[in-house]
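The sequence and the structure are shown first.

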Amino acid sequence: MKKYRVGIIGATGMVGQRLLLLLQNHPFFEITALLASPNSAGQKYGNCLQSRWMMQDKIPEQFVNMTILNAHDIILVREKVDIVFCAVNMPKDEILVLEENYAKAEIPVISNNAANRCNPFIPMIIPEINAEHLKIIDMQRKKLGTKKGFIAVKSNCSIQSYLPALHPLREFGLEKIAICTYQAISGAGKTFESMPNIIDNIIPYINGEEEKSELEPLKIWGKVTEYGIQNATSPIISAQCLRVPVSDGHTAAIFVQFKNKPTKEEIITAWQSYTSSITNLNLPLAPKQLLHYLHEEDRPQAKLDRDCEKGMAITLGRLREDNIFDYKFICLSHNTIRGAAGGAVLMAELLAQQGYFE
């Protein structure tokens, strides 16, 4: 497969840094532009990130002396890239304008931002669940007046810890879902050094997170129509989201009620045998097995299990019957890999394999 030239918008932030690590030496992609705000533009990446690098691995040597470009200088960027990953910290209205301007400049945008997730003509993809939503891109291009440019978004990082586990259970008639997420500080782009108020503390509010947790699964489970992606109307979802003193790894406590209650064995079998339309595509970041059920009573744990299959798999545990719902269980995923940067790269791998960048 041809290698595509890639730009990272928001390369100085936490998700941008994770994208940098995941895309270095990637068989499909080559990073040719690091993009950020005008304040960072013109600086060498290594100098700019000297005190702001948040990853455990060092800055890859090939990027240390790369000059950061102004993300708003699309004419210059267009000469250097075929596609861009967008992971910026900007007001929603500004993100909408920026991403659309890139798409209209015939540069496909793989977005980590929430701004465009509700647009019915922009696919929000978890590749193992709703790869068929990519066909909405043809309709989006007609609306934008583009031949190559489009926007595709990744879902919220927390729902990727549990939606892949819920998806195989739809065959039993999911009716009601209650969710409580315990989300790592890296989901806010923070470390313990930059978020001292989280130490010995739990914060019971994350702006906008509960609304996303209740609405985004319905779009992912929706269907493509001539009017865009039509959201599913069921199941009913209720969510609470808490920030907890964990560096990486979003944990979710899930309660489910079914129309046709399965046995515990049937649920575990559904998880362990789940395959999707991308299973045999050999995409570089795709986990060999998406869902891993752990039988130990005290698993999954963020510190022990977040890196399962290089951070791209979901670990599950503690499946048991409930006094109010039918069952309850625990899910875990690495939020900056599976939930953010890795989920975006996997979606881009699928888009490349399906020819959407041509």
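Which helix gives the most to the lining of the second largest pocket? The answer is α1, with four residues. The model discussed here is predicted.

**Pockets**

- The largest pocket holds about 1400 Å³ of space.
- Its lining comprises 49 residues, and V88, N89, G187, A188 and G189 are those that lie nearest the centre of the largest pocket.
- Three helices, α1 (14-23), α5 (92-104) and α9 (209-220), each contribute at least two residues to the lining of the largest pocket; the largest share, three residues, is that of α1.
- Sorted by class, the residues lining the largest pocket are 19 nonpolar, 22 polar and eight charged.
- In the second largest pocket there is about 1200 Å³ of space.
- Lining the second largest pocket are 43 residues, with E309, K310, G311, M312 and I337 nearest its centre.

- I95, L98, E99, Y102 and A103 are the buried residues of α5.
- An α-helix has 3.6 residues a turn, so residues three or four places apart point the same way.
- Just after α5, E106 adopts a positive phi of about 65°, although E106 is not a glycine.
- E106 belongs to the loop between α5 and β5 (109-111), and its relative accessibility of 27% makes it partly exposed.

**Other backbone features**

- R318, a residue other than glycine, also has a positive phi, near 55°.
- The position of R318 is within strand β14 (residues 314-321); with 32% relative accessibility, R318 counts as partly exposed.
- S234 and P235 are joined by a cis peptide bond with omega of about 5°, and P235 sits in the loop between β10 (228-230) and β11 (236-243).
- A cis peptide bond also runs from R299 to P300, with omega near 10°; P300 is placed in the loop between β13 (291-294) and α11 (302-305).

**Aromatic contacts**

- The structure contains 11 aromatic pairs.
- One of them is the edge-to-face pair of Y4 and F357, with 5.4 Å centre to centre and 70° between the planes.
- This pair links distant parts of the chain, since Y4 is in strand β1 (residues 4-9) and F357 in the segment after α12 (337-353), 353 residues apart.
- Y4 is buried, at 2% relative accessibility, and F357 is likewise buried, at 2% relative accessibility.
- F150 and Y356 also form an edge-to-face pair, with a centre-to-centre distance of 6.4 Å and 70° between the planes.
- Distant parts of the chain are linked by this pair as well: F150 lies in the loop between α7 (136-144) and β7 (151-154), and Y356 in the segment after α12, 206 residues apart.
- Both F150 and Y356 are buried.
- Y4, F150, Y356 and F357 together make up one aromatic cluster.

Note on methods:
Residues numbered from 1 in each chain as written. Predicted model: local features only at pLDDT ≥ 70, side-chain atom pairs only at ≥ 80, totals over all residues. Heavy atoms only, no water. 1 Å grid on protein atoms, 1.4 Å probe; cavity = no way out; pocket = protein on both sides within 12 Å on 5 of 7 lines; lining within 4 Å. Points joined across faces, edges and corners; volume = space filled by probe spheres on them. Nonpolar A, V, L, I, M, F, W, Y, C, P; charged D, E, K, R; others polar. Buried < 20%, exposed > 50% of the residue type's maximum accessible area, 1.4 Å probe, protein only. Phe/Tyr/Trp six-rings, centres within 6.5 Å; stacked < 30°, edge-to-face > 60°.
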